[in-house]
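Trainee: I have a structure to go through. Can we take it question by question?

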Amino acid sequence: TYERKIKEIFIAQELEKIYSKDKIIEFYINNIYYANGHYGILAAANGYFGKGINQLSLSQIAFLCSIPNNPSRYDPVTNMENTLERRDRILKQMYEDDKINLIDYRKAINEPITLIRQDPIKNDYVETFIYHCAIRALMKEEGFVFRNQFEDDEDREKYEEAYNERYYHYQGLLYTEGYRIYTSIDLD
């Protein structure tokens with residue numbers, strides 16, 4: 001929303017008075033959502049490649065940098081092609097900006113990306129339901145309009161894309177913004 005963007009501008013200005021830009025980007029990279037339950041680049045490196053940051057290749061780092069822009073669209077488990085396309089765009093931009101040379105660029109573009117097999121994090125059904133309801137409540141509070149009827153397939157696809165984008169955004173906020181969930185569910 002406009003209100004949120006204006007608020008973010010003022011917060012950014014205040015942050016820049018306290019922290020350097022390098023420190024701000026470090027905070028961001030260490031907290032942003034990288035899909036599949038990975039928050040922060042270290043968790044993503046370990047979760048997708050089973051390695052620490054300093055063990056990753058240029059191609060793997062660019063691959064991870066692809067994900068946070070839209071964690072549902074660039075989810076490497078479900079949308080590997082999208083993630084690879086974005087990785088390639090990032091590498092090309094790095095080459096065009098003279099951040100990497102032609103040899104490194106070609107090597108990184110041609111490097112196959114192999115993810116380690118991920119065992120999905122399984123929450124019990126009650127916990128999953130609670131998180132789902134909390135995320136939808138945050139979406140509703142923002143003004144997201146839930147729908148179950150569509151004009152055509154294209155309308156449904158646009159809605160689903162918008163829904164997934166907002167859902168994953170708020171899923172990330174649920175885990176990183178200090179929310180506490182209180183419920184009256186009695187497991188007994």
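Trainee: How many salt bridges does a search of the whole structure find?

Mentor: Keep in mind that this is a predicted model. A pair counts when a side-chain nitrogen of Lys or Arg lies within 4 Å of a carboxyl oxygen of Asp or Glu. Searched on that basis, the whole structure gives a total of 14.

Trainee: Take K17 and E14. Which helix holds both?

Mentor: Their side chains form a salt bridge, 3.1 Å from N to O. K17 is exposed at 63% relative accessibility, while E14 is partly exposed at 43%. The two sit 3 residues apart, about one turn of the helix, and that helix is α1.

Trainee: Is K21 buried or exposed?

Mentor: K21 pairs with E16 in a salt bridge of 2.7 Å, N to O. E16 is partly exposed, at 43% relative accessibility. For K21 the relative accessible area is 57%, and the cut-off for exposed is over 50%. So K21 is exposed.

Trainee: How far apart in sequence are the parts that E142 and R166 tie together?

Mentor: The side chains of E142 and R166 meet in a salt bridge of 2.8 Å, N to O. E142 belongs to helix α7 and R166 to helix α8, so the pair links parts separated in sequence by 24 residues.

Trainee: Are α5 and α6 roughly parallel or roughly antiparallel?

Mentor: Their axes come within 10 Å and cross at roughly 175°. Angles over 145 degrees count as roughly antiparallel. The contact has 6 nonpolar, no polar and 3 charged residues. By the crossing angle, α5 and α6 are therefore roughly antiparallel.

Trainee: How far apart in space are I113 and L84, C-alpha to C-alpha?

Mentor: I113 sits in the loop between α6 and α7. I113 is buried, with 15% relative accessible area. Leaving out residues up to four places away in sequence, I113 touches several residues, including F49, F63, M80 and L84. I113 and L84 are 29 residues apart in sequence, yet their C-alpha distance is 8.3 Å.

Key
Residues are numbered from 1 along each chain as its sequence is written. This is a predicted model: local features need pLDDT of at least 70, side-chain atom pairs count only at pLDDT 80 or more; totals for chains, interfaces and linings use all residues. Side-chain values use heavy atoms; hydrogens and water are left out. Axes are lines fitted to C-alpha atoms, for helices over the stretch in contact, and angles run from 0 to 180 degrees between N-to-C directions. Helices (H or I, at least four residues) and strands (E, at least two) are DSSP runs, numbered from the N terminus. Angles under 35 degrees count as roughly parallel, over 145 as roughly antiparallel, 65 to 115 as roughly perpendicular and the rest as oblique. Ala, Val, Leu, Ile, Met, Phe, Trp, Tyr, Cys and Pro count as nonpolar, Asp, Glu, Lys and Arg as charged, and the others, Gly among them, as polar. Buried means under 20% relative accessible area, exposed over 50%, partly exposed in between (1.4 Å probe, protein chains only). Contact means heavy atoms within 4.5 Å.
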